[in-house]
Amino acid sequence: DLAKTDADAKAKEEAYTKAIAKADDLLKSKKYTESKSAYNEALAAKPAEQYPKTKISEIDKILGDQAKAETEAKAKEDSYKAAVAKADGLLNTKKYNEAKTAYNEALAIKSGEQYPKTKIAEIDKIMADLAKADADTKAKDEAYTKAVKNADDQLAETSVTFFLYPF
């Protein structure tokens, strides 16, 4: 009976050692779920051991941190996409200042993205072209108004002259 107990203890020790080696290798490879399973195998062989419990706690923290980071990244991506969609809609309706503000909001969320930068440059060019066209139109209107006034003045002068010197 003592030999059987000794053999059981030796088998448990071998299973524990093998499971710990496997778990440590998996942990080094950042295969967290598989590593946790191997540490649980080690615990099944030797439930009183603290080392696998500590490693399982470390893995649980790593997995929790990864899940949190993934959730935050998804929320950031969703916010960015919403800001870009809003900006695109405003740009399509020619609301340039509002679109530019929305693209800047998208850049505040993800500063490294090129798309909003390109669209802001596009809006700046459109607004500059519109301002130039507006200035050109205003200059033409002023020139037209001046020409009409000059013509009116000449016509009035001619009429006065004609009135003063009939034939």
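This is a predicted model: local features need pLDDT of at least 70, side-chain atom pairs count only at pLDDT 80 or more; totals for chains, interfaces and linings use all residues.

Me: What distance separates the end C-alpha atoms of α3, and what span should its 43 residues have?
Reply: Helix α3 covers residues 50-92. At 1.5 Å a residue, its 43 residues should span 63 Å. The distance between its end C-alpha atoms agrees with this, because that distance is also 63 Å.

Me: Is α2 roughly parallel or roughly antiparallel to α3?
Reply: Helix α2 (residues 32-45) packs on helix α3 at an angle of about 160 degrees, and the axes are 9 Å apart. Angles over 145 degrees count as roughly antiparallel. The relation of α2 to α3 is therefore roughly antiparallel.

Me: How do the residues of the contact of α2 with α3 divide into nonpolar, polar and charged?
Reply: On the α2 side the contact includes Tyr32, Tyr39, Ala42 and Leu43. On the α3 side, Ile56, Ile59, Ile62 and Leu63 are among the contributors, as are Lys53, Lys55 and Asp60. By class, the residues of this contact are 10 nonpolar, 4 polar and 4 charged.

Me: Are α1 and α3 roughly parallel or roughly antiparallel to each other?
Reply: Helix α1 covers residues 2-28. Its angle to α3 is about 25 degrees, with the axes 12 Å apart. Since angles under 35 degrees count as roughly parallel, the two helices are therefore roughly parallel.

Me: What is the handedness of the crossing where α1 passes α3?
Reply: The residues that meet are Tyr16, Ile20, Asp24 and Leu27 in α1 and Tyr51, Pro52, Lys55 and Ile59 in α3. By class, this contact has 6 nonpolar, no polar and 2 charged residues. The crossing of α1 with α3 is left-handed.

Me: Is Ala11 buried, partly exposed or exposed?
Reply: Ala11 lies in helix α1. Its relative accessibility is 44%. Buried means under 20% and exposed means over 50%, so Ala11 counts as partly exposed.

Me: How many Å apart in space are Ala11 and Glu49, C-alpha to C-alpha?
Reply: In sequence, Ala11 and Glu49 are 38 residues apart. In space, C-alpha to C-alpha, the distance between Ala11 and Glu49 is 16 Å.

Notes:
Residues are numbered from 1 along each chain as its sequence is written. Side-chain values use heavy atoms; hydrogens and water are left out. Axes are lines fitted to C-alpha atoms, for helices over the stretch in contact, and angles run from 0 to 180 degrees between N-to-C directions. Helices (H or I, at least four residues) and strands (E, at least two) are DSSP runs, numbered from the N terminus. Angles under 35 degrees count as roughly parallel, over 145 as roughly antiparallel, 65 to 115 as roughly perpendicular and the rest as oblique. Contact means heavy atoms within 4.5 Å. Ala, Val, Leu, Ile, Met, Phe, Trp, Tyr, Cys and Pro count as nonpolar, Asp, Glu, Lys and Arg as charged, and the others, Gly among them, as polar. Buried means under 20% relative accessible area, exposed over 50%, partly exposed in between (1.4 Å probe, protein chains only). The expected span of a helix is 1.5 Å times one less than its number of residues. A crossing is left-handed if the near helix is turned anticlockwise from the far one by less than a right angle, and right-handed if clockwise.
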